[in-house]
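Dear colleague,

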Amino acid sequence: GAGAMAHHLVGATPDLRLVVTDVDPEMCAAAAQALEAFASRVTVQEADANSLPFADGSFDFVLSFLMLHHTGDWRRTVREAMRVLRSGGRFVGFDIVAGAPLHHPKRFQTLLRRGELDALLASDPAVARARVRPGLAGAVVRFVATKA
């Protein structure tokens with residue numbers, strides 16, 4: 001995305017280092033501009049969330065804020081997030097769910113359905129534990145999964 005959440009996080013946490021990614025070069029340019037003041041601690045990189053250009057176990061956290069529904073294959077995106085986490089690392093985020101008031105069915109056809117993310121995380125041997133909860137009166141799902 002354009003880096004708004006990253007800006008907040010890196011601004012509030014002086015020792016945090018981030019790699020911010022987006023598949024769209026224009027969004028990467030916007031994020032780089034928004035995060036320019038933190039250039040020593042933030043790298044902005046064009047990347048497809050379904051095929052991340054990072055080695056297994058590269059990160060302590062993977063953060064996903066309203067991103068899964070943009071990837072075309074959110075299940076693959078979740079597996080990629082778990083792959084790049086180190087053991088004990090966490091995948092944290094939230095996303096819109098199908099049928100929510102924010103859902104526009106013609107615009108977002110790859111939304112999570114209630115229970116699908118829970119089931120995927122429960123069946124993934126890379127996941128040691130996971131918690132998936134509704135938020136915003138059921139319009140979003142909030143999640144945290146810890147890698148085994």
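**Salt bridges and surface charge**

At 34% relative accessibility, Arg75 counts as partly exposed. Please note that the model is a predicted one.

The side chain of Arg75 meets that of Glu116 in a salt bridge, with 3.2 Å from N to O. Because Glu116 belongs to helix α4 and Arg75 to helix α3 (residues 74-84), this pair ties together parts that are 41 residues apart in sequence. Glu116 is likewise partly exposed, at 24% relative accessibility.

The structure holds four salt bridges in total. Another of them joins Arg86 and Asp60 (2.4 Å, N to O). Arg86 lies in strand β4 (residues 85-96) and Asp60 in strand β3 (residues 59-65), so parts 26 residues apart in sequence are tied together.

Within helix α3, Glu80 forms a salt bridge with Arg83, the closest N and O atoms being 2.9 Å apart. These two residues are three apart in the helix, which separates them by about one helical turn. Glu80 is buried, with a relative accessible area of 12%, whereas Arg83 is partly exposed at 22%. Together with Asp56, they are linked in a network of salt bridges.

Helix α4 (residues 116-123) has Leu117, Leu120 and Leu121 as its buried residues. They lie on the same side of α4, because they cover an arc of only 95° around the axis. Ala122 and Ser123, on the other side, are exposed.

Finally, Arg90, Arg129, Arg131, Arg133 and Arg142 gather in a patch of positive charge on the surface. Strand β5 (residues 127-135) contributes the largest share, three residues.

With kind regards

Note on methods
Residues numbered from 1 in each chain as written. Predicted model: local features only at pLDDT ≥ 70, side-chain atom pairs only at ≥ 80, totals over all residues. Heavy atoms only, no water. Patch = residues over 30% accessible without salt bridge, like charges linked within 9 Å, V, L, I, M, F, W, Y side chains within 5 Å. Areas by Shrake-Rupley, 256 points an atom, 1.4 Å probe, with all protein chains shown as cover. Lys, Arg positive; Asp, Glu negative; His and termini not counted. Charge placed at Lys NZ, Arg CZ, Asp CG, Glu CD. Helix = DSSP H or I, 4+ residues; strand = E, 2+ residues; numbered from the N terminus. Buried < 20%, exposed > 50% of the residue type's maximum accessible area, 1.4 Å probe, protein only. Arc of directions from axis to C-beta.
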